[in-house]
Amino acid sequence: MRVSRKIVSERGLPALNMRALAKECGIALGTLYNYYSDKDELVVAAIESVWQDILEKSPPDSGVSFSQYITQTYAHIIEKLKDYPDFLAAHSISVAGSVKGKARGMMERFFGKIRSELHEVLMNDKNVDRSIFSETFREENLIGHILDTITISIINGKPDCATLTEILDRLLYR
């Protein structure tokens with residue numbers, strides 16, 4: 001997968017195929033088919049590996065505020081995405097058919113991990129004004145909105161999430 005990530009990093013996700021990977025690895029194309037049944041399976045495995053690389057980070061420091069954690073997480077993702085130019089756009093169009101559902105499910109698992117971490121940090125932040133939450137505006141709703149905003153901001157090329165954290169500071173820390 002390291003070589004697959006290298007191809008994605010240097011040439012983009014559309015350049016990843018069985019022949020290119022076999023050549024880069026210095027192995028016969030037939031050997032590669034022992035590991036991946038087709039290009040779609042290879043692309044899904046590569047996407048999963050890239051997401052792992054992008055989202056892998058240290059657990060949150062104890063005592064970090066929720067908005068600080070959002071800033072750290074955003075900065076980490078932006079920094080890691082520099083290794084994979086155009087990955088987000090290519091990811092959305094590179095998988096087709098039944099494989100698309102598999103790739104989407106894998107991405108949802110990664111976002112589920114981030115969602116859990118965000119929830120943990122939010123719950124551990126003792127300075128959050130809990131009275132802002134209600135039956136119709138729960139912690140999970142806020143976290144979902146934050147993830148949507150982060151995703152859109154990254155796709156739109158925003159270098160930071162200062163506006164988001166300003167909103168969070170005004171909302172959460174009265």
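Predicted model: local features only at pLDDT ≥ 70, side-chain atom pairs only at ≥ 80, totals over all residues.
Visitor: Why is the set of 50 residues called a nonpolar core?

Guide: The name applies because its members are buried residues of kinds such as Leu, Ile and Phe, joined through side-chain atoms within 4.5 Å. In the largest core of this chain, with its 50 residues, F66, I70, F87 and L172 touch the most other members. The elements giving two or more residues to this core include α1 (2-11), α5 (66-81), α7 (97-124) and α9 (162-172), while α4 gives the most, with eight residues.

Visitor: Which residues is I70 in contact with, leaving aside its neighbours within four places in sequence?

Guide: Apart from those neighbours, I70 is in contact with L118, I146, I150, C161, L164, T165 and L168; each counts as a contact because heavy atoms of the pair lie within 4.5 Å.

Visitor: How do you know what share of the chain is buried?

Guide: A residue counts as buried when its relative accessible area is under 20%, and 39% of the 174 residues of the chain count as such. The chain exposes about 10000 Å², of which carbon and sulfur atoms supply 51%.

Visitor: What is known of the positive and negative side chains?

Guide: Lys and Arg count as positive, Asp and Glu as negative; on that basis the chain has 22 positive and 24 negative side chains, and the centres of the two sets lie 5 Å apart.

Terms used. Residues numbered from 1 in each chain as written. Heavy atoms only, no water. Buried < 20%, exposed > 50% of the residue type's maximum accessible area, 1.4 Å probe, protein only. Helix = DSSP H or I, 4+ residues; strand = E, 2+ residues; numbered from the N terminus. Areas by Shrake-Rupley, 256 points an atom, 1.4 Å probe, with all protein chains shown as cover. Charge placed at Lys NZ, Arg CZ, Asp CG, Glu CD.
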